[in-house]
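Please look through the sequence and the model shown here.

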Amino acid sequence: MNAKILLVDDAEDIRTVLEEWLRFSGYQVDAAPGVTEAMALIKQRGYDVVITDLVMPGLSGHHLLDMVKEYDGSIEVIFLTGQGTLDDAVAALREGRAFDFLQKPVRSPRQLNETIERALARRRGPADKALAILAEDLTEREILLLVGQGMENREIADRLCLSEKTIKNNMTRIFDKLGVENRTQAALYCQQPRMP
C-alpha cells in the first residue's frame, strides 16, 4: 500500500493502538497529539490521508480540517468522533470537505482500513484508477494512454508497431476492465481530473 497516513488524537492510548494497527496493515504512519504538531508534520512529510479526532484541547479537528484543505486540498480527512460530536462530523461531510467519519471507540479496525482505501481511491482519481486497473498489462496501459491523447486505432497501431486488429482486441478488454462502452468513455475516464 505504502500510503502515508497521519493520525491525530490527544489520547495517547488511542493513538498507540490505531498506529500499531495501521502499521500492521501496511501503511506508513505518523502520529501527533494535536493540530500544531500535525500541521508541522504535514508540511514536512506530506500525507495522503489525515485521521483526526474532532475534539481536542486547543484547536479542534475542524480547525485541522480547514488548515489541511488550505495547505493541500487533495489530502483526505477522516474524523474520529464521539457521540457528542456526531452532528459536527455529519455537517463537515455535507460541506464536502471531510471524507468520512468513524465513531469512537473504533470497534472494527478493518472498517477503518476500508474507509482509508476509499479515501485513497478518491484521492488518486479516475485516471490513476484506470492505470492501476491496467497495470498488469503494459500493452493495454500504453493503448489507454494513447486513447487518452485522442489517437485513433490506426495511429496507435503504428506507434506501438502492432496490427490494427490487435489494438481493437485490446480495446475490447480495456472497455471490460473499465466498465465503459466505447473509446470516448475510456478517454474521458482517463482524462478526468482528480476529485477535490
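The sections that follow cover the basis of the model, its salt bridges and its surface.

## Basis of the model

This is a predicted model, in which local features need pLDDT of at least 70 and side-chain atom pairs count only at pLDDT 80 or more, while totals for chains, interfaces and linings use all residues. Residues are numbered from 1 along each chain as its sequence is written, and side-chain values use heavy atoms, with hydrogens and water left out.

## Salt bridges

Side chains of opposite charge can pair when their charged atoms come close. A salt bridge here is a side-chain nitrogen of Lys or Arg within 4 Å of a carboxyl oxygen of Asp or Glu. The count by this rule is five salt bridges.

One of them joins K104 and D9, whose closest N and O atoms are 3.1 Å apart. This pair links distant parts of the chain, 95 residues apart: K104 is in the loop between β5 and α5 (109–133), and D9 is in the loop between β1 (4–8) and α1. Helices (H or I, at least four residues) and strands (E, at least two) are DSSP runs, numbered from the N terminus. D9, D53 and K104 are linked in a network of salt bridges.

## Buried or exposed

Residues are called buried under 20% relative accessible area, exposed over 50%, and partly exposed in between (1.4 Å probe, protein chains only). D9 is buried because its relative accessible area is 0%, whereas K104, at 25%, is partly exposed.

A second pair is R118 and D100, with closest N and O atoms 2.7 Å apart. R118 belongs to helix α5 and D100 to strand β5, and the two are 18 residues apart. D100 has a relative accessible area of 16%, so D100 counts as buried. R118, at 44%, counts as partly exposed.

D30 and R45 also meet through their side chains in a salt bridge (2.9 Å, N to O). D30 lies in strand β2 (residues 28–32) and R45 in helix α2 (residues 35–45), 15 residues apart. R45 is partly exposed, at 39%.

## The surface

E152, E155, D158 and E164 form a negative surface patch. Patch residues have over 30% relative accessible area and no salt bridge; like charges are joined within 9 Å, and nonpolar side chains (Val, Leu, Ile, Met, Phe, Trp, Tyr) within 5 Å. E164 is in helix α8 (residues 164–178) and is partly exposed, at 36% relative accessibility.

V17, in helix α1 (residues 12–24), counts as exposed because its relative accessibility is 53%.

Definitions and conventions:
Areas by Shrake-Rupley, 256 points an atom, 1.4 Å probe, with all protein chains shown as cover. Lys, Arg positive; Asp, Glu negative; His and termini not counted. Charge placed at Lys NZ, Arg CZ, Asp CG, Glu CD.
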